[in-house]
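I opened the model to go through its helices, charged pairs and surface. My entries follow in the order I looked things up.

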Amino acid sequence: MHRIPRRSLSSILRHAAPYRATAAPITCFSPVVGETDTKVRWHSVLVGGKCSPAKSTTQLNLKNGLYFGNRNESTAAASSGATDGPPVEKYEYQAEVSRLMDLIVNSLYSNKEVFLRELISNASDALDKLRFLSVTDPDLLKGGGDLDIRIQTDTDNGIINITDSGIGMTREELVDCLGTIAQSGTSKFLKALKDSKDAGGGDNLIGQFGVGFYSAFLVADRVVVSTKSPKSDKQYVWQGEANTSSYTIQEETDPEKILPRGTRLTLYLKRDDKGFAQPERIQKLVKNYSQFVSFPIYTWQEKGYTKEVEVDEDPAESKKDEQDGKTEKKKKTKTIVEKYWDWDLTNETQPIWLRNPKEVTTEDYNEFYKKTFNEYLDPLASSHFTTEGEVEFRSILYVPAITPMGKDDMINPKTKNIRLHVKRVFISDDFDGELFPRYLSFVKGVVDSNDLPLNVSREILQESRIVRIMRKRLVRKAFDMILGISLSESREDYEKFWENFGKHLKLGCIEDRENHKRLAPLLRFFTSQSEDVMISLDEYVENMKPEQKDIYYIAADSVTSASNTPFLEKLLQKDLEVLYLVDPIDEVAITNLKSYKDKNFIDISKEDLVLGDKNEEKAKEIQQEFGQTCDWIKKRLGDKVASVQISNRLSTSPCVLVSGKFGWSANMERLMKAQTVGDTSSLEFMRGRRVFEINPEHQIIQNLNAASRINPDDADALRAIDLLYDAALVSSGFTPENPAELGGKIYEMMGLALSGKWSAPVAEVQEVQNVQPEPTMETLEAEVVEPIVADSKK
């Protein structure tokens, strides 16, 4: 056997094309043992030709390409020299087996327990081939029994037997399929069907890569394959061990091990993996991975039944009964459990998603949901559909009734809510956003495809155009299902859904711009006209005034805070409805939506708010009257505000502090400050400009207007400006930089306002204290009461 110097197998496989028309030096090593001395033969794994010992470094023509895995007749070999029974033939693997086996065992599969899935899939393929071929050759089914798969374990010795009654293999097929790594009998069969243009019955075959069998070495040190093909009169036994480069094939001569038809795999488990030989664990793996294989799978399980047995009487009690003269005695019995072993049907052969949706009841869907996902409540909705065309797959999706206890699905994208099957064989439920986006991770379901692009280990989806198409269709169906809940007659169903999963949809507004049109109708908010019941954006648009062009919103930490904010005053007067964004994620979601049905979202706490009824002449008059006051206030506040303007949004409050058009709102600034790992250096930049707006109709502002004209340096007036600014900070949702200073100003103003309001003048207090009370006219005498004698005792 030749070695490939200084080049990994994967590298040659990846760059095989350039070598097809070139020559490469091949180093030949020792001849194969077992050939005669007069006929020394040399072999190459690269081509099917020979190599002369004298010309071991000759440049070979590789125009036929690299064919790893083609069996060469010259590799046949050596007899083991056994004297009893038929001779044992020894073969060399047709590849660098030690390296490939290491890849399969340590790199290809990420989970050891998938070995059983792969071996059951191979058995299912063998049964499928037999069923297909028997259509034209019914004699293949004679004497072989039912088409099924049986798994039996030996817990004490760590042995697993997997037996199928499928097509089996001849000696040549054993060498071709098991002697060559990555040689798939299933792929050959499918190719033959395609070439004959008669592929109607073989489209459900599973194996395509030819490495599924070698997954047995994930848990086994030694594997024995005993197989009997109906095309051959003899049964052959294949044996191979891990970390070796050879295997053996011999004819089976033990009458007790003869199979009527099919294949039996015997796995001798490694010391650390003997736990797989537990019958309960085998049954669990079958139900998890191969529950819906189209052939019955039986596992050898311990069972029991109860029966009554007689109990021997205690000699002392028997003697006592005789002394009492009892003639009739009832036999004493007890209930015991009689244990026995028998075959147990482990799988269901007809998955629910392959049935006609018209024939499946709601109870069937709910039962499948509870059983598959270990739920105890019925789902809010389900969707059973089949997609055809460029990508074909079947699926059942569910919306749960409640969120998981952990409530971390929105944070952790690797949920186990989507179970992926390929040709009814479970592949994985551990995805990182390939099939569903993170914000829809609460949706549970099953997806089954016949042509999904998997890697060789069948466990990891490859990023491809087909996967992207599948993702789009699944997301679209999920939105249709949620929309169906929102349009149902029971409003409580969607209220329950929104309570549990509303944050997920808001996250979708941030992460998935392509589906904004599907997400927006599903959102719900409290409003200034509906503080107890959430409404949709469609309902808001229907309630809009004819002259209203925008959708107004205010962000706050609660409905109470939002309803009492001064920004609402003029809008409430005009009967304009305002959305209350009381969830921390609401403002970011709405900002990403930008508009809905050609209506822009407008934050009423930002500057340049236009309500549509501005009187230019009146505004000009007010500006002339209070322009000097605005400049005076701006001079006093300095850099705390960008400007001081006349407000068109206030009616009862004296002033308000609004955010810049492109900066953070007060609510967003509060949230960003609360971030544990937030970047404080960006706060000043994103906070942007603040505009101090005053209400010219308020008495305080009118008094300050007079002060600015009469005595702009008055200390009380200047203190009033400072207090107005601090009060506006609080009422507008901002956090004061110095709360203690603000408290001091409030106490000072309260002292001035309350000074002497309820207290009497000092002279009156002294006069009251000097008044002496008049003496009473009568003197009362005390009454003497004699003690009472009780029981002659005082």
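Before judging handedness I wrote down the rule: a crossing is left-handed if the near helix is turned anticlockwise from the far one by less than a right angle, and right-handed if clockwise. The model is a predicted one.

**Entry: a helix pair**

I applied the rule to H19 and H20, and H19 passes H20 in a left-handed crossing. Helix H19 covers residues 699–710 and helix H20 covers residues 715–731; their axes come within 10 Å and cross at roughly 140°. I then looked up which residues meet there. From H19 they are Ile700, Ile701, Leu704 and Ala707, and from H20 they are Ala717, Ala720, Ile721 and Leu724.

I also checked Gln702, which is in helix H19.

**Entry: the whole chain**

I noted the totals next. The protein chain has 22 helices and 25 strands. It has 794 residues, and 44% of them count as buried. Among contacts with a separation of 6 or more, 72% come from residues 24 or more positions apart. The accessible surface of the chain is about 44700 Å², and carbon and sulfur atoms account for 49% of that.

**Entry: salt bridges**

Side chains of opposite charge can pair when their charged atoms come close. How many salt bridges does the count come to? I get 28 salt bridges.

Asp722 forms a salt bridge with Arg636, and their closest N and O atoms are 2.6 Å apart. This pair links distant parts of the chain, with Asp722 in helix H20 and Arg636 in helix H16 (residues 616–637), 86 residues apart. Asp722 counts as buried because its relative accessibility is 14%, below the cut-off of 20%. Arg636 is partly exposed, with a relative accessible area of 38%.

Glu669 forms a salt bridge with Arg690, with the closest N and O atoms 2.9 Å apart. Here too distant parts of the chain are linked: Glu669 is in helix H17 (residues 666–673) and Arg690 is in strand S25 (residues 690–694), 21 residues apart. I checked how covered the two partners are. Glu669 counts as buried at 4% relative accessibility, and Arg690 counts as buried at 9%. I also found a network: salt bridges that share partners join Lys503, Lys506, Asp583 and Asp586.

Lys303 and Asp344 meet through their side chains in a salt bridge of 3.7 Å, N to O. This pair links distant parts of the chain, Lys303 being in strand S10 (residues 297–310) and Asp344 in strand S11 (residues 333–345), 41 residues apart. Lys303 is partly exposed, with a relative accessible area of 26%. Asp344 is partly exposed, with 22%.

**Entry: a covered helix**

I went on to helix H15 (residues 586–593), which is mostly covered, with 6 of its 8 residues buried. Which residues of H15 are buried? They are Asp586, Glu587, Ala589, Ile590, Asn592 and Leu593. Asp586 is also one of the members of the salt-bridge network. After H15 comes Lys594, whose phi is positive, near 70°.

**Entry: positive phi in loops**

I looked up two further residues. Lys423 is not a glycine, yet it has a positive phi of about 55°. Lys423 is in the loop between strand S14 (418–422) and strand S15 (425–428), and it counts as buried at 5% relative accessibility. Asp608 is not a glycine either, and its phi is positive, about 60°. Asp608 lies in the loop between strand S22 (599–603) and H16, and it counts as exposed at 52% relative accessibility.

**Entry: a surface patch**

Last, I looked for nonpolar side chains on the surface. Ile746, Tyr747, Met750, Leu754 and Trp758 form a nonpolar patch there, with about 590 Å² of accessible area together. I placed Trp758 in the loop between helix H21 (739–754) and helix H22 (762–770). Trp758 is exposed, with a relative accessible area of 66%.

Note on methods:
Residues are numbered from 1 along each chain as its sequence is written. This is a predicted model: local features need pLDDT of at least 70, side-chain atom pairs count only at pLDDT 80 or more; totals for chains, interfaces and linings use all residues. Side-chain values use heavy atoms; hydrogens and water are left out. Patches are made of residues with over 30% relative accessible area and no salt bridge: like charges are joined within 9 Å, nonpolar side chains (Val, Leu, Ile, Met, Phe, Trp, Tyr) within 5 Å. Accessible areas come from the Shrake-Rupley method with a 1.4 Å probe; for residues, only the protein chains shown count as cover. A salt bridge is a side-chain nitrogen of Lys or Arg within 4 Å of a carboxyl oxygen of Asp or Glu. Helices (H or I, at least four residues) and strands (E, at least two) are DSSP runs, numbered from the N terminus. Buried means under 20% relative accessible area, exposed over 50%, partly exposed in between (1.4 Å probe, protein chains only). Axes are lines fitted to C-alpha atoms, for helices over the stretch in contact, and angles run from 0 to 180 degrees between N-to-C directions. Contact means heavy atoms within 4.5 Å.
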